[in-house]
Amino acid sequence: MGGYYNKQEIEELKNADKEYFLHPFSSIEEVLENGPKIIERGYGARVYDIEGNEYIDAFAGLWYSNIGHGREEVIETARDQMSRLEAYHCFTGFSNVPVIRLAEKVSKKVP
């Protein structure tokens, strides 16, 4: 049923969530009463909680995972880039290669 977590770990995670995390746009009473749904993994358009329940991710992770979860080509691209530079700002004249390449692609699609 569940994935990588035993019953004790699941309860510890749920209790820690209730104690330390404030869920935006959620009823505090409802989360405290029913507990959180803790998502641990995803593949394609489906996500799975720590108890093994499957959900269709109809909101695409709240609109930021619209290409699906667990896509190997995205994982490899991210791994490659992050091994060189995970992120860097563009303030005060600084730039970086990924932001330049993305700006170039985007500008070619805009009239």
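Ala, Val, Leu, Ile, Met, Phe, Trp, Tyr, Cys and Pro count here as nonpolar, Asp, Glu, Lys and Arg as charged, and the others, Gly among them, as polar. By these classes, the lining of the largest pocket has 13 nonpolar, seven polar and three charged residues.

This is a predicted model, in which local features need pLDDT of at least 70 and side-chain atom pairs count only at pLDDT 80 or more, while totals for chains, interfaces and linings use all residues. Residues are numbered from 1 along each chain as its sequence is written, and side-chain values use heavy atoms, with hydrogens and water left out.

**The sheet**

Three strands form an open sheet, in the order β1-β2-β3. The pairing is antiparallel. Strands (E, at least two residues) and helices (H or I, at least four) are DSSP runs, numbered from the N terminus. Two strands pair if DSSP finds at least two bridges between them. β1 (39-43) and β3 are the edge strands, and each pairs on one side only. From one strand to the next, the twist averages 30°.

β1 joins β2 (residues 46-49) through four bridges. β2 and β3 pair over three bridges. Some of the bridge partners are set out below.

| Residue | Bridge partner | Strand of the partner |
|---|---|---|
| Ile-39 | Asp-49 | β2 |
| Arg-41 | Tyr-48 | β2 |
| Tyr-43 | Arg-46 | β2 |
| Arg-46 | Ile-56 | β3 |

Arg-41 lies over the face of Tyr-48, at 4.2 Å from the ring centre. A charge sits over a ring if NZ of Lys or CZ of Arg is within 6 Å of the ring centre and within 35 degrees of the ring normal.

**The pockets**

On a 1 Å grid over the protein atoms alone, a pocket is an open set of points where a 1.4 Å probe fits, with protein on both sides within 12 Å along at least five of seven lines; lining residues have an atom within 4 Å of a point. The largest pocket has a volume of about 920 Å³. Of the 23 residues that line it, the closest to its centre are His-23, Ser-26, Lys-37, Ile-39 and Leu-62. α2 (28-34), β3 (54-56) and α3 (60-63) each supply at least two lining residues. α2 gives the largest share, three residues.

The second largest pocket has a volume of about 200 Å³. Its lining has three nonpolar, two polar and four charged residues. Among them are Val-74, Thr-77, Asp-80, Met-82 and Arg-84.

Technical notes
Grid points are joined across faces, edges and corners, and a volume is the space filled by probe spheres set on the points. Axes are lines fitted to C-alpha atoms, for helices over the stretch in contact, and angles run from 0 to 180 degrees between N-to-C directions.
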